[in-house]
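User: I have a structure open here and I'm new to it. Could you walk me through it?
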Amino acid sequence: DKKAGGGGGGDKKRCGWCRRAVRGKDIIAALGQYYHSECFVCVKCDRQLSPSHFFDIHSEPACQDCATKYAAKNLKRSNIQVAGVKVRPARRGH
């Protein structure tokens, strides 16, 4: 899995993905971090994400496909959220 590296000093906002300063109107605030719009991608597959529809895998943004695969592998201990709303695995027979 890919992770954003290092921490930024001072009070400048830094992108959670590339760690460069973020400024201007194309800033996405999600998961307690800021992102350039082009840097808001799935932590697993690099697919571009929408700020209104993304999944949270351990405080990292993810697409629905990757989050679903992750949940299938980690069903009992998954903590996946859709834009801040927890997603529970579907029950069989429903």
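User: How much of the chain counts as buried?
Analyst: Of its 94 residues, 31% are buried, where buried means under 20% relative accessible area with a 1.4 Å probe, protein chains only (over 50% is exposed, in between is partly exposed). This is a predicted model: local features need pLDDT of at least 70, side-chain atom pairs count only at pLDDT 80 or more, and totals for chains, interfaces and linings use all residues. Residues are numbered from 1 along each chain as its sequence is written, and side-chain values use heavy atoms, with hydrogens and water left out.

User: Which helices and strands does the chain have, and in what pattern?
Analyst: The chain has 1 helix and 6 strands. Along the sequence the pattern reads β-β-β-β-α-β-β. Both kinds of element are DSSP runs numbered from the N terminus: helices are H or I with at least four residues, strands are E with at least two.

User: Switching to rings. How many aromatic pairs are there?
Analyst: The count is 2 aromatic pairs. Rings of Phe, Tyr and Trp (its six-membered ring) pair if their centres lie within 6.5 Å; planes under 30 degrees apart are stacked, over 60 edge-to-face, and the rest tilted. One of the pairs is Phe40 with Phe54, which is edge-to-face at 5.2 Å centre to centre and 85° between the planes.

User: Where do Phe40 and Phe54 sit in the chain?
Analyst: Both are in the loop between strand S2 (33-36) and strand S3 (55-57), 14 residues apart. Phe40 is buried at a relative accessible area of 0%, and Phe54 is buried too, at 6%.

User: Which residues form the aromatic cluster?
Analyst: Tyr35, Phe40 and Phe54 form one cluster.

User: And which ring has the charged end of Lys13 over it?
Analyst: That of Tyr34, with the charged end 4.7 Å from the ring centre. The rule asks for NZ of Lys or CZ of Arg within 6 Å of the ring centre and within 35 degrees of the ring normal.

User: What about Pro61, buried or exposed?
Analyst: Pro61 is in strand S4 (residues 60-62) and counts as buried because its relative accessibility is 3%.

User: What does Pro61 touch?
Analyst: Leaving out residues up to four places away in sequence, Pro61 touches Leu31, Tyr35, Phe40, Val41, Cys42, Val43, Leu49 and Phe55. A contact means heavy atoms within 4.5 Å. Leu31 is 30 residues from Pro61 in sequence, and their C-alpha atoms are 7.6 Å apart.
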